[in-house]
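Work through the exercises below with the sequence and the model open. Each task is followed by a solution in steps.

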Amino acid sequence: MRRSSASIEDRLTAGLSERFDPVALENGSRVGVIGGGPAGSFFSLFLLKMAETIGLDVNIDIYEPRHFVHKGPAGCNHCGGIVSEFLVQLLAAEGVRLPPEVVQRGIDSYMLHMDVGTVRIDTPLQEKRIAAVYRGNGPRDAGPAPTRVVGFDRYLQDLAVSRGAKIRRQLVNQVSWEEDRPHVHCSTGPSEVYDLVAVAAGINSNVLQPIEGLEFGYRIPEAARTFICEFHLGEETIREHLGTSMHLFLLDIPHLECAAIIPKGDFVTLCLLGDKIDDSLVTTFLDAPEVRACFPEAIVPRTVCHCFPRINIKAAVRPFTDRIVLIGDSGVARLYKDGIGSAYRTAKAAARTVVFHGISDEAFAKHYWPTCKQIDADNSIGRFMFTVSHVIQKTRPTRRALFRMTATEQTRTGNRRHMSSVLWDLFTGSAPYREILLRTFRPAFVARLGWNLVAGNVAPGNLASANGQPTNGDANGH
Amino acid sequence: MGIRSLGKRYRSGESIVRQGAAGNCMYVIQEGQAEVYREENGREIRMAVLKEGDFFGEMSIFDREVRAATVKALGDVRILTIDKKTFMRRIQKDPSLAFDIVRTMSQRIRQLNCDLAEMRARETET
């Protein structure tokens, strides 16, 4: 392997690292990024930005065959398209502003739908802090948009290009290891040799198998099937029926972990996550009265676009080796939430490692892997929380208590919104699962939940006084 | 400035932050412009006009002091709030997050030095 001693010396002199890795990028180094979704673009953007701060000049090629300008699945990255409250703030601090052509709707609240009623949870400062975005250029049957639309992935890609990254519109089908360097092979053109290859191809890409075959210990993350579809309702209808809220459902449907309806421009996106999503589950969900109530005249319109993409539910094993690092969904992602946020975190951790610590297996193990492990450990707590959520989904008295406690809190001002903040962070992905779980152990939370468990079930009619809309059955105490 | 925007909308002339008030967040302009005023001896002195992408209120995040100036909407404006808690916690794990803010603060100090030098030069001439 090449030892870039001059570069190391420079960086040691600059005091950037006490023990800099001997395998490092130097001026003129070539970096290949496989995949131009959020993880690939974030990685390129941060790598170029950080490299600039220390006067390091590197060349980045992003391999992405899609332009993200075509409507429908061909130009889409198959995802619900939510940029979390947490990530919106971090991006703003990074100088990445999401303009109106990228944001299809600013979300300022969540509506939680259960069989016992519906409750609205507002953002803490009552401002639009969650962005609903397209991952491509809109659904298949979208037609010409009344305003300019730019997909989130394309927007990030353009930012990376404005910093100096080059896009190669080629599909990578193989990564090999020859003469101490990773080589990238495409279906057309000669193979290219790089000093570093970052794989940000997602979980649905065919390029992961050849990387697993390189035998450095990488194992593709375990994945589950999801369902995403779009309905055309028109902007006015969406404003009237769905508003600027994301709609979440806690329904007693086996194998369904999360369900959300996300308003975007003239369309709404439906996202179903769980361990066994199939046609029958989708039909059961769409037939639920709580779901139908979200649509005009309680009729669910026909879908204009749909897909069954996979999401990872367990972390990859060893997503790095000398000169190769796997980021975003190809590595580790948060369980059921904030996939774009995970792409941001892993991409930034990888870029920071590459620029300030080196590109060896040891550097990635010491400086990149802890970020992945942290996400993975938090997912274990998340799994426990979703198990609890299952119990709530299946037990009507706990649903009543949860509904009553949240609805009552929403009528109050100040910091005493225990259940609301737990649900908000759980649904938005704004806080780690560990932090949310610890909040539920606080005596005040437990005491209030206990009180609402009694009050909500001894006299369920009391629900009508809270800031939610109880179903007729519950309002009448049935 | 409608459904496709993030942040909170402020009408023209509306105060976003007030000089002397306690602050636990910073702000980023999403759309529109804002003007910065400082009250001195009962007079409002206009300090700067901020545009899309500019941030303000960052000093209160770092130094725990009250707001140093008043910021008002110049025309309709959309502002995104960044919580101190969210930001400071993240900085502990990722110090590079503060890079853009430090760079902008550095540019502002540089500009202040120039303004101060010009003022001193004018005083000397008179």
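Two residues are in contact if their C-beta atoms, placed from the backbone, lie within 7 Å. The model is predicted: local features need pLDDT of at least 70, side-chain atom pairs count only at pLDDT 80 or more, and totals for chains, interfaces and linings use all residues. Residues are numbered from 1 along each chain as its sequence is written, and chains are lettered from A and ligands numbered from 1 in the order in which they are written.

**Exercise 1.** Describe the side of chain B that touches chain A.

Solution.
- Step 1. Chain B gives 23 residues to the contact and chain A gives 25 residues.
- Step 2. On the chain B side, the elements with two or more residues are strand E3 (25-40), strand E6 (70-83), helix H2 (84-93) and helix H3 (99-125). Helices (H or I, at least four residues) and strands (E, at least two) are DSSP runs, numbered from the N terminus.
- Step 3. E6(B) supplies the largest share, four residues.
- Step 4. By class, this side of chain B has nine nonpolar, seven polar and seven charged residues. Nonpolar means Ala, Val, Leu, Ile, Met, Phe, Trp, Tyr, Cys and Pro; charged means Asp, Glu, Lys and Arg; the others, Gly among them, are polar.

**Exercise 2.** Is Glu435(A) buried or exposed, or in between?

Solution.
- Step 1. Glu435(A) lies in helix H14 (residues 433-440) of chain A.
- Step 2. A residue is buried if 20 or more other C-beta atoms lie within 10 Å of its own, exposed if 12 or fewer, and partly exposed in between.
- Step 3. Glu435(A) is partly exposed because 14 other C-beta atoms lie within 10 Å.
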